[in-house]
Amino acid sequence: MPVIEVKNLAVKYEDVNIFLDVSFAIEAGDYVALSGPNGSGKSTLLKAMLNLVKKDEGEVKLFNVPIESFLDWNRIGYVPQKINLSPFFPATVKEIVALGLVSKSFVRFKKEDYEKVDEALEMLGILELRDKNITELSGGQLQRVLISRALVGDPEILILDEPTTALDPETRERFFEVLRHLNSDKGVTIILVTHDTGNAGRYAKKLMYFDRKIIFFGTFDDFCKSEKMSDYFGYGSQHIICHRH
Ligand code: ADP
Ligand code: MG
């Protein structure tokens, strides 16, 4: 069953088309690495799927519901590439993460909510930061707080836009282990934007290579067998991606 369906999607900023006529479906339980050059439209594609930028043409359905009328945003966890901290300011880590439990309306947090917050912080190994003010955090710590916020509501789909750029190698490995657990053991559908096409095959099941359009979308096995991709990437680069999956 597809949990995300994108049909003939086009987005433009001012008068410039970022992409045109993009169509694909993400199945429940997929783990997709979304890769491509800088400025190729990956972040914009995710935002259009989440109704955060206006689409110019086409349609997006989440759980079979057109995004215009989709309300169950707590079923989706999103870690944006860039965040503006001012809406949160000043706030503690636990308050920020608890916001992941609120979809739109204001609620008073209960004891159980803060237990979920602690669990999410623990998963990322940052429980000891819970009462710190977010202005005191390093880039890598803040990134982990935002990942915890996306996880805290037990989302069915997790969308992560370059979430590991500020993480050290050890923390990054731990984070990929958390994602593997969520995907394999809990069936969470994952879309992860990464620059690192060469390593994507180590954790994701499918690759979407995007450069203003879908260059490739499928399993790593299909990618490796594809002559079209040998031509596109050159045999050497294709081999590096395949070697590591
Ligand atoms: P990627 O995530 O693949 O690096 P983006 O989706 O961020 O790419 O950007 C795609 C293109 O759209 C780039 O040329 C970028 O400069 C442009 N762009 C991104 N956001 C905006 C915006 N808010 N207004 C105008 N242009 C934008
Ligand atoms: Mg981006």
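**Exercise 1. The chain as a whole**

Task: State how many helices and strands the protein chain has, and determine how its radius of gyration relates to the globule rule.

Solution. Step 1: The protein chain contains nine helices and ten strands; helices (H or I, at least four residues) and strands (E, at least two) are DSSP runs, numbered from the N terminus. Step 2: Its radius of gyration is 18 Å, close to the 18 Å that the globule rule gives for 245 residues, so the chain is as compact as a globular protein of that length. Here the radius is taken over C-alpha atoms, and the globule rule is 2.2 Å times the number of residues to the power 0.38.

Two conventions apply throughout: this is a predicted model, in which local features need pLDDT of at least 70 and side-chain atom pairs count only at pLDDT 80 or more, whereas totals for chains, interfaces and linings use all residues. Residues are numbered from 1 along each chain as its sequence is written, chains are lettered from A and ligands numbered from 1 in the order in which they are written, and side-chain values use heavy atoms, with hydrogens and water left out.

Step 1: Along the principal axes, the C-alpha atoms fill a box of roughly 55 × 40 × 35 Å. Step 4: Of the 245 residues, 48% are buried; buried means under 20% relative accessible area, exposed over 50%, and partly exposed in between (1.4 Å probe, protein chains only). Step 5: Among contacts (heavy atoms within 4.5 Å) with a separation of 6 or more, 63% link residues 24 or more positions apart. Step 6: The accessible surface of the chain is about 12,500 Å², and carbon and sulfur atoms contribute 49% of it. Such areas come from the Shrake-Rupley method with a 1.4 Å probe; for residues, only the protein chains shown count as cover.

**Exercise 2. The surroundings of ligand 1**

Task: Identify which residues are around ligand 1, and which of their polar atoms lie at a stated distance from its oxygen atoms.

Solution. Step 1: The shell, defined by a heavy atom within 4 Å of the ligand, consists of Tyr13, Ile18, Pro37, Asn38, Gly39, Ser40, Gly41, Lys42, Ser43, Thr44 and Arg212. Step 2: By class there are three nonpolar, six polar and two charged residues. In this scheme Ala, Val, Leu, Ile, Met, Phe, Trp, Tyr, Cys and Pro count as nonpolar, Asp, Glu, Lys and Arg as charged, and the others, Gly among them, as polar. Step 3: Helix H1 (residues 42-49) supplies the largest share of the shell, three residues.

Step 2: Serine 43 places a polar side-chain atom 2.8 Å from an oxygen atom of ligand 1. For serine 40, a backbone N or O atom lies 3.1 Å from a ligand oxygen, and for arginine 212 a polar side-chain atom lies at 3.2 Å from one. Step 5: The protein covers 62% of the 570 Å² of accessible area that ligand 1 has on its own.

**Exercise 3. Two residues of the shell**

Task: Describe where threonine 44 and arginine 212 are found, and decide whether each is buried, partly exposed or exposed.

Solution. Step 1: Threonine 44 is found in helix H1 and is buried, at 9% relative accessibility. Step 2: The side chains of threonine 44 and tyrosine 13 form a polar contact of 3.0 Å. A polar contact is a pair of N or O atoms within 3.5 Å; within protein, one must be able to donate a hydrogen and the other to accept it, and residues adjacent in sequence count only if both atoms are side-chain atoms. Step 3: Arginine 212 lies in the loop between strand S9 (206-210) and strand S10 (214-219), and is partly exposed at 38% relative accessibility. Arginine 212 also has a positive phi of about 65°, although it is not a glycine.

**Exercise 4. A pair of charged residues**

Task: Determine what joins the side chains of glutamate 68 and lysine 55, and whether each residue is buried or exposed.

Solution. Step 1: Glutamate 68 lies in the loop between strand S5 (65-66) and strand S6 (76-79), whereas lysine 55 is in the loop between H1 and strand S4 (57-62). Step 2: Glutamate 68 is exposed, with a relative accessible area of 54%, while lysine 55 is buried at 18%. Step 3: A polar contact of 2.6 Å joins their side chains. Step 4: The side chain of lysine 55 also reaches the backbone oxygen of glycine 58 at 3.2 Å.
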